[in-house]
Amino acid sequence: MKSLLAPLRPFAGQPVVVGVSGGADSVALLRALVAVDARPVVAHLDHALRPDSAQDAAWVRELAAALELPFESVRVDVAAVARKRGWNVEDAARRLRYDLLGRVARRRGAQAILTAHTRRDQAETVLLALLRGEAVLRGIPPMRGRVVRPWLAVPRADIETFLRALSQDWREDPTNADPTYARAWLRREAMPVLSARFPALEETLARVACHQAQDDEALRAQAARLRAHTPLQGQPPAVLRRWVRAQVRAAGLDVHTGHLDALAGALGAGDTAHLTLPGAHPVTVTGGHLYLQPPTFPEPAFALPPGWTRRTRQPGDRMVLPGGTRLLSDVLTDRKIPREARDRVPLLVSERGVEWVGLQPPVWGLGAQAAAQVPPDPLHAAMGEALALARQAAQAGEVPVGAVVLGPDGAVVGRGRNASREHGDMTRHAELAALRDAARTLGTPYLTGCTLVVTLEPCPMCLGAALEARVEHMVYGASNPKAGALGGVSDLLAAHWGHSPRITGGVRAREAARLLRQTFQAVRAQQEAWDPASP
């Protein structure tokens, strides 16, 4: 039949491994592969779940011999493996079956492993997933690695018709009728009742699997485009669930749907959540970050000035910062440090209070860095120069944004501030001025190896200019919720532009945000003072 043979023709002449249990589906797949001139290797797992399971293996061996095909089989006590590993029997049988198929494929040099899952299997898988409350009803994938399932759209009736036309018999596994197995119960008890009321049930569920798989692929691709600098708060829940799942699995951990909902919900809302994953593994969401491992904190890598000592936090700890004295607890909160990790943060203290907080980057008290004779962080210093330019812009009646470009050696090679109102030109942004200045200094428009440091997250125009200039590293201070192109409004770097700079956000963000806030407050106060309608 065309619907059975057409998906198999690409395998003509190729060695393929086919899993054959002896049931109608797998026997039909084997016979169909022979019909299209493929070179199948028959693999059979004797799962030892029934006293007569060896008879199935012998029957499949005889079938392979009659067709003059190579045959490999192994007997495994699946129930014993399931008990030892803590798996259910169905899951253990599936894992062991695919392990056997993979080993046979490697030995035989086969690039494809074919299994005979049909539309009925797909429909049952979707319904089981729905009953279990799984987040995505994508069903059985048509391909995963070198495993190919060419018959997911084929109804069981077509398979039996094909076998009868060949006068080919098959084996019936009595466990397929044992209602203690969830799939067997569904097939025997639930599907007939549902199909009587909804005749197209099998086809409908298979279509749901197809559409869900397509939607899931699109959402997973969107989740994969979330970069380290992209704000997670406000992202769609469906995207965050997939992002969390990918992060958890990359760390080698397991996760249930309820965990995904809770973690993604906390990330999206900017809340804090503490959960325990399977295996008693604690995870935390706080401050828009997911912590799968307890955070580590750096120790001081410099000689301590006289009178400084190392300890961890104590109640009432304070530190003197450029903006005034603050509680250490507020500093740690601002830096999004999980509450349960704060007692492990190393501190250096003197008589006046906390001088140094061991974060990345560290937090220094006012004058503490000079006292410790530690040179300033280059990005911190560069942002200081950009802030000075932003203040100049404010004094000139412009939006207070300043920018500098650091050359490959770290020296400032370009400077700029907002000057749009001064020139009556809305392209006179600080970043563009700094990029132009750097191009003049270096004698080239291509700023490879350079760093752009700007007080406010760039807009799309300025990001585009930095990409065209091939800037290697972009550093910004405050987020830009009205026009930010790095996550403030949208992260444009989620798409591929041919060049992908490194992004560092939040450098001296409080100072940059304070300058913006104070400037706009002054402008509003001035407008109100000149408004004749104001009281």
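## Helix 18 and the second largest pocket

Helices here are DSSP runs of H or I that hold at least four residues, and they are numbered from the N terminus. In this predicted model, helix 18 supplies the largest share of the lining of the second largest pocket, namely 3 residues. Helix 18 spans residues 509-530, and both this helix and helix 15 (420-423) each give at least two residues to that lining.

The second largest pocket has a volume of about 540 Å³, and 23 residues line it, with V399, L456, N480, L516 and F520 lying nearest its centre. Sorted by class, the lining is made up of 13 nonpolar, 5 polar and 5 charged residues.

## E72 in strand 3

Strand 3 covers residues 71-75 and includes E72, which counts as buried because its relative accessibility is 14%, under the 20% limit. The side chain of E72 makes a polar contact of 2.9 Å with the side chain of R108. When neighbours within four places in sequence are set aside, the residues in contact with E72 are V42, A43, H44, V104, R107 and R108.

## S26 in helix 2

S26 belongs to helix 2, which runs over residues 24-35, and with a relative accessible area of 6% this serine is buried. A polar atom of the S26 side chain lies 3.1 Å from the backbone nitrogen of S21, while the side chain of S26 also reaches the backbone nitrogen of G22, at 3.5 Å. Apart from neighbours within four places in sequence, S26 is in contact with G19, V20, S21 and A116.

Notes: Residues numbered from 1 in each chain as written. Predicted model: local features only at pLDDT ≥ 70, side-chain atom pairs only at ≥ 80, totals over all residues. Heavy atoms only, no water. Buried < 20%, exposed > 50% of the residue type's maximum accessible area, 1.4 Å probe, protein only. Polar contact = N/O pair within 3.5 Å; in protein donor to acceptor, adjacent residues only side chain to side chain. Contact = heavy atoms within 4.5 Å. 1 Å grid on protein atoms, 1.4 Å probe; cavity = no way out; pocket = protein on both sides within 12 Å on 5 of 7 lines; lining within 4 Å. Points joined across faces, edges and corners; volume = space filled by probe spheres on them. Nonpolar A, V, L, I, M, F, W, Y, C, P; charged D, E, K, R; others polar.
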